[in-house]
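Me: I am new to this one. Please show it to me, and then let me ask a few things.

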Amino acid sequence: MVLLKKTTDPRPVFLNLLKIHLPLNALVSILHRVTGVIMILVLPLLVLSLAGVIYKPGIYRYMAIIPNYLWKIAIAAILTAYMYHVLAGIRHIYHDFSGHHSLEVTNRSSIIILVVWTVWIIIVGSRLWLV
Amino acid sequence: MASVALYSYKKGLGSWVLQRISALFLIAYIVPLLFFWVLHAEFVSPMVWKQFLLSTEMRILGILASLSLVIHAMIGAWVVATDYIHIDGIKRVTLALFYVITVGSSVAIIFLLLNAQ
């Protein structure tokens with residue numbers, strides 16, 4: 001803010017996040033962070049379900065308090081977030097070690113992981129709702 | 001900023017390497033787990049899950065993954081929080097919350113995997 005007051009540039013600082021057009025690479029990168037944060041926040045739920053499975057398999061009966069479709073949506077969200085994070089992570093490692101940093105190559109890898117992720121979403125969806 | 005840093009900028013390369021090695025251990029645990037679930041043709045009952053998760057291989061992979069989780073998630077949380085939160089107090093509280101969730105969950109998973117029969 002101090003910098004803003006000192007500058008003579010009269011143009012306004014425009015930071016409406018909804019109006020900033022993110023290039024595909026930036027979107028893929030930010031989603032990697034978002035999915036990472038989400039997974040830390042759901043960790044306690046995963047620990048609870050592990051404890052339930054190990055010590056009280058009968059606990060599954062009480063899960064009916066929450067409707068089935070909500071469980072399925074939650075599971076689908078966690079599994080798709082996880083797989084996105086893995087795919088985007090592999091993409092980062094690829095660009096770290098291959099030395100390919102051109103816009104063309106990174107755009108292509110973005111599209112590849114989005115396609116693979118879509119396939120995974122279809123697999124999770126059919127496993128949850130069709131089996 | 002350095003006062004909040006678990007891994008300060010001077011250790012940047014170290015945390016960069018740790019982040020990637022720990023990622024491999026996390027993949028090594030969760031990918032077999034996902035394949036087990038996807039390839040099961042029907043509903044996987046709690047007993048079947050228990051048998052699978054408490055097999056020796058999955059216990060070992062699970063403990064390694066839990067240790068990796070602490071490293072991976074703490075570095076990740078630090079990187080994200082220090083990029084976006086610029087108010088020191090809020091940054092400290094947010095990071096502390098994320099560290100507590102991560103370490104607590106990891107300790108709980110290791111305890112469960114070591115003690116369950």
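Reply: Helices (H or I, at least four residues) and strands (E, at least two) are DSSP runs, numbered from the N terminus. This is a predicted model: local features need pLDDT of at least 70, side-chain atom pairs count only at pLDDT 80 or more, and totals for chains, interfaces and linings use all residues. Residues are numbered from 1 along each chain as its sequence is written, chains are lettered from A in the order in which they are written, and side-chain values use heavy atoms, without hydrogens and water.

Me: Which helix of chain B holds both Arg92(B) and Asp88(B)?

Reply: Their side chains meet in a salt bridge (3.0 Å, N to O). A salt bridge is a side-chain nitrogen of Lys or Arg within 4 Å of a carboxyl oxygen of Asp or Glu. The two residues sit four apart, about one turn of the helix, in H4 (residues 88-115).

Me: Which pattern does chain B follow along the sequence?

Reply: Chain B has four helices and zero strands. Read along the sequence, that gives α-α-α-α.

Me: Which helix of chain B does Asp83(B) lie in?

Reply: Asp83(B) forms a salt bridge with Arg33(A) (2.8 Å, N to O). Arg33(A) lies in helix H2 (residues 24-55) of chain A, so the pair joins two chains. The helix of Asp83(B) is H3 (residues 56-84).

Me: What percentage of the residues of chain B count as buried?

Reply: Buried means under 20% relative accessible area, exposed over 50%, partly exposed in between (1.4 Å probe, protein chains only). Asp83(B), at 39%, is partly exposed. Of the 117 residues of chain B, the buried share is 44%.
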